[in-house]
Amino acid sequence: MPSNFIYDNREQKFIINEWLDGEKIFSLDKFKDYYSLDDVEMILNQSLKLAKEVLAPTGDDGETQPCHLVDGQVIVPKSFARVYRILNENGFGSNYTDEKAEGLVPGLIRSMYTEFFAGANIVLVMAIGLTASSAGLIQSYGDKKIKDIFLPKMFSGEWAGTMCLTETGGGSDVGDMLSKAYPTDNPLLYKIKGTKIFISQGDHDMTDNIVHLVLARVEGAAPGTKGVSLFVVPKYWVNEDGSLGKKNDVTTVALEHKLGWKGSATVMLNFGDDGECRGWLLGNPPNEKGEAQGMAQMFEMINESRMITGLEGLSISQLAYNNALQYAKERVQGRKFTGGKDAPRVRLIEHEDVRRMLMLQKSTLDAMRALLYKTYYDLDVVAYSNDNDDKRAAKIRIEINTPLVKAYLSDRAWELTAEAIQIYGGYGYSEDYPVAKCARDSKILSIWEGTNFIQSLDLVGRKWSMEKGEMFAVWMADIQSFTEKHKDDVKLGREIGILADAYQAYKSMREFIISNLRQNPSLMPLYSTRILHMTAMLYCGMLILDQALLCEKKIGRLSSDTDNPDNFFYRGKVESARYYLHNIVPEVHTLSNIIRDADISALNIPEEAF
Ligand SMILES: Cc1cc2nc3c(=O)[nH]c(=O)nc-3n(C[C@H](O)[C@H](O)[C@H](O)COP(=O)(O)OP(=O)(O)OC[C@H]3O[C@@H](n4cnc5c(N)ncnc54)[C@H](O)[C@@H]3O)c2cc1C
């Protein structure tokens with residue numbers, strides 16, 4: 001079961017050095033005294049080397065030595081603790097949400113090396129992400145005492161973090177959860193009781209302690225999500241002097257056997273079986289109406305996890321594509337369709353249909369990466385820029401693009417990894433090649449951090465109408481002005497025209513849904529998943545064309561030097577954009593027609609007839 005980590009960083013360098021305004025990010029006060037754009041080359045080379053040499057050799061350890069439960073303790077592959085420590089000790093660990101940390105690289109660059117790490121060992125990326133973002137929440141909302149107890153060891157990676165929302169009765173609808181919190185004499189301390197399921201990294205032996213962020217309802221608080229609070233519940237109690245005390249009555253009762261991610265322990269946790277589980281409250285107790293802050297706080301962590309989920313989808317499917325491409329260049333099978341009866345046998349990459357599959361993967365990956373990094377760029381701007389206009393524009397894009405990153409990238413990951421298997425033929429279906437694992441690992445991404453249906457409702461139900469629709473109007477106007485500006489482009493004018501048509505089709509679909517909302521509210525949830533996909537294809541169409549316009553200029557400058565690797569890179573990006581515009585973006589049209597047809601047979605069919 002080889003983990004064949006084939007990965008390159010030319011795309012990431014293009015994005016930061018050539019496409020996005022990298023100088024602007026490095027000139028922000030937060031970063032300017034530590035790094036400049038000149039350091040990017042070194043950072044991306046070193047981190048890719050680390051991914052290849054340190055993480056990738058352990059990438060399959062979760063498959064060969066899956067997590068297991070021994071006397072209530074989860075054991076993970078031995079190599080994980082070592083590599084987790086190396087990452088933390090070398091500045092690639094969980095301290096990136098630490099406000100006090102100096103000399104951090106921009107989030108955009110961090111997400112680029114996280115992409116490499118996720119391809120090499122996805123489980124460790126999750127462990128670091130969960131720890132960083134749970135520590136980030138403690139930093140934002142914890143009392144000083146709570147921060148002093150937990151933050152230093154979480155930021156150093158000595159302790160790990162988790163997020164505990166899900167229960168058997170409270171999955172997508174978290175508000176139905178039953179976990180309870182009971183006040184004690186100390187207003188910050190509560191007794192916790194309840195059961196959480198499916199908790200990622202919920203138990204392991206990589207760190208000395210695990211800090212669970214647990215959603216629970218204080219006795220008497222309001223029902224639903226309004227009434228839940230967030231608690232910091234360590235696996236081992238931490239004494240006043242910082243030493244570890246006894247177990248905090250948190251029990252690992254079951255370990256899930258999953259399709260993928262076998263090195264990541266997904267567990268069921270019981271809190272307070274013996275009435276001894278204590279947790280620190282984050283923020284304020286519920287107010288007199290029983291309203292609490294937990295869900296809003298948890299959303300900060302969820303938003304970060306939505307981005308990382310998209311990133312993981314990109315990374316897994318890029319890895320699958322890279323392997324499938326190598327295989328297609330090596331395996332000889334059959335003769336060319338156009339070759340005649342005496343034609344020689346050829347490699348897979350010479351067949352038209354294999355090229356179709358490769359191009360589908362390449363162009364979709366380019367589009368996914370453009371959307372992901374544009375959004376990470378905007379996150380740096382919103383967090384650290386002093387320019388209010390820039391911040392406002394970036395904030396609008398973040399609001400709308402975050403559900404797209406989560407859902408479009410994760411849905412596509414499942415499809416693209418399936419295409420990678422198809423390229424291998426029967427060998428792809430066997431565990432002897434890495435693409436089967438890629439497909440298995442990708443499926444969960446459309447389910448956690450809010451299923452992709454929930455992402456689509458966030459887009460259509462919330463983001464479309466935020467600020468009375470003004471934010472979405474600004475987002476749409478960007479696409480319209482892009483198509484107007486470039487409509488006469490000599491090289492890519494036709495593709496710009498396709499985008500302009502898709503824009504019009506999208507607009508009429510949106511008007512239709514909005515105008516029918518009163519008479520037929522079910523249309524929105526019935527079609528929102530497809531609307532999200534249309535929205536992503538439309539926006540990605542613009543981003544990928546924007547890259548292609550730039551690459552055309554670069555090709556012009558290189559034309560006398562046709563063997564230059566950059567020439568192939570830029571030509572690849574132009575053809576990739578053409579493919580995306582001609583073969584994928586027109587789906588916006590088709591979907592617009594489908595939605596405006598407003599078929600409701602899925603609702604009319606009697607349940608018994610299914
Ligand atoms: C490997 C793994 C790791 C996980 N890690 C964590 C973790 O670390 N922490 C944590 O708290 N949870 C975690 N989860 C839980 C995960 O977030 C939930 O599985 C997810 O939120 C979906 O909840 P559910 O499984 O109960 O599905 P359900 O909510 O029952 O949903 C089932 C299906 O019904 C659809 N559906 C549900 N409600 C509606 C509705 N109102 N309208 C239309 N469709 C609807 C959903 O979109 C979905 O397709 C993990 C799960 C897995 C499998």
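Trainee: Which element gives the largest share of the shell around the ligand?

Mentor: In this predicted model, β5 does, with three residues.

Trainee: What classes of residue make up the shell around the ligand?

Mentor: Count by class. Here there are nine nonpolar, six polar and one charged residues.

Trainee: Which of the 16 residues around the ligand come nearest?

Mentor: Thr 166, Ser 172, Phe 198, Ser 200 and Thr 451 do.

Trainee: How much of the ligand's accessible area does the protein cover?

Mentor: The ligand has 980 Å² on its own, and the protein covers 60% of that.

Trainee: Which elements give two or more residues to the shell?

Mentor: β3 (159-164) and β5 (189-200).

Trainee: Now the backbone. What is phi of Asp 71 near?

Mentor: Near 50°, a positive value in a residue other than glycine. Asp 71 sits in the loop between β1 (68-70) and β2 (73-75).

Trainee: Is Asp 71 buried or exposed?

Mentor: Exposed means over 50% relative accessible area. Asp 71 has 81%, so it counts as exposed.

Trainee: Where is Lys 468 found?

Mentor: In the loop between α14 (452-462) and α15 (470-486). Phi of Lys 468 is positive, near 55°. Lys 468 is exposed, at 83% relative accessibility.

Note on methods
Residues are numbered from 1 along each chain as its sequence is written. This is a predicted model: local features need pLDDT of at least 70, side-chain atom pairs count only at pLDDT 80 or more; totals for chains, interfaces and linings use all residues. Side-chain values use heavy atoms; hydrogens and water are left out. A residue is near a molecule or strand if one of its heavy atoms lies within 4 Å of it. Accessible areas come from the Shrake-Rupley method with a 1.4 Å probe; for residues, only the protein chains shown count as cover. Helices (H or I, at least four residues) and strands (E, at least two) are DSSP runs, numbered from the N terminus. Ala, Val, Leu, Ile, Met, Phe, Trp, Tyr, Cys and Pro count as nonpolar, Asp, Glu, Lys and Arg as charged, and the others, Gly among them, as polar. Buried means under 20% relative accessible area, exposed over 50%, partly exposed in between (1.4 Å probe, protein chains only).
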